[in-house]
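My notes follow in the order I took them.

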Amino acid sequence: MKIIKHFLIRLLITAVPLLGLYFYAEMAFEANRMKEHPTDVGLGIAFLLIFILFVLCIGFGIDFIRRLRKKDYKIAMIDIPFLLPFIFIVLYFSCLMTSGGCFCDFIINLGKGYLPH
């Protein structure tokens with residue numbers, strides 16, 4: 001029961017900011033459509049998404065390390081399914097925004113769904 005409780009707390013911690021961003025984006029896009037001269041709202045939403053994902057990635061990373069130090073391995077393993085997608089998404093966006101080398105090419109191709117042969 002303790003593991004399910006910790007999983008649901010992490011799911012809630014992840015879902016609330018992302019749902020909030022989704023509803024804010026819907027309102028911003030609708031308001032932008034009403035303007036006579038629409039602006040680029042999507043870029044601001046993308047920056048907010050990157051910020052939220054970066055904060056969640058750091059938070060889950062800190063919690064993972066803290067749980068490992070306390071030798072609470074079962075609850076530390078709950079962080080891994082949340083931490084890995086955030087790390088991949090943050091790496092993907094950072095590689096898109098910078099001129100990367102071989103590693104960034106690998107991450108971008110992995111994000112597009114194919115790998116070089």
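**Arg33 and Glu30**

I began in helix α1 (residues 2-34), where Arg33 and Glu30 sit three residues apart, which puts about one helical turn between them. The model is predicted, and I kept that in mind throughout. I checked the pair for a salt bridge and found one, with the closest N and O atoms 2.6 Å apart. Next I looked up accessibility. Arg33 is exposed, at a relative accessible area of 55%. Glu30 comes out at 37% and is partly exposed.

**Asp63 and its partners**

I moved on to helix α2 (residues 41-69), which holds both Asp63 and Arg66. These two are three residues apart, about one turn of the helix. Their side chains form a salt bridge, with 3.0 Å from N to O. Is Asp63 buried or exposed? I read 13% relative accessibility for Asp63, so this residue counts as buried, the cut-off being under 20%. Arg66 is partly exposed, at 41%.

Asp63 also has a salt bridge to Arg67, at 3.5 Å from N to O. Arg67 lies four residues from Asp63 in α2, again about one turn of the helix. Both Asp63 and Arg67 are buried.

Which residues do its salt bridges link? I listed Arg10, Asp63, Arg66, Arg67, Asp72 and Asp79. For the model I noted a count of six salt bridges.

**Helix α2**

I checked the dimensions of α2 next. This helix has 29 residues. From first C-alpha to last, α2 reaches 42 Å, close to the 42 Å expected at 1.5 Å a residue.

Lys71 follows α2, and its phi is positive, near 60 degrees.

**Recap**

I marked two entries to return to. Arg33 and Glu30 pair within α1, and Arg33 is exposed there.

Definitions and conventions. Residues numbered from 1 in each chain as written. Predicted model: local features only at pLDDT ≥ 70, side-chain atom pairs only at ≥ 80, totals over all residues. Heavy atoms only, no water. Salt bridge = Lys/Arg side-chain N within 4 Å of Asp/Glu carboxyl O. Buried < 20%, exposed > 50% of the residue type's maximum accessible area, 1.4 Å probe, protein only. Expected span 1.5 Å × (residues − 1).
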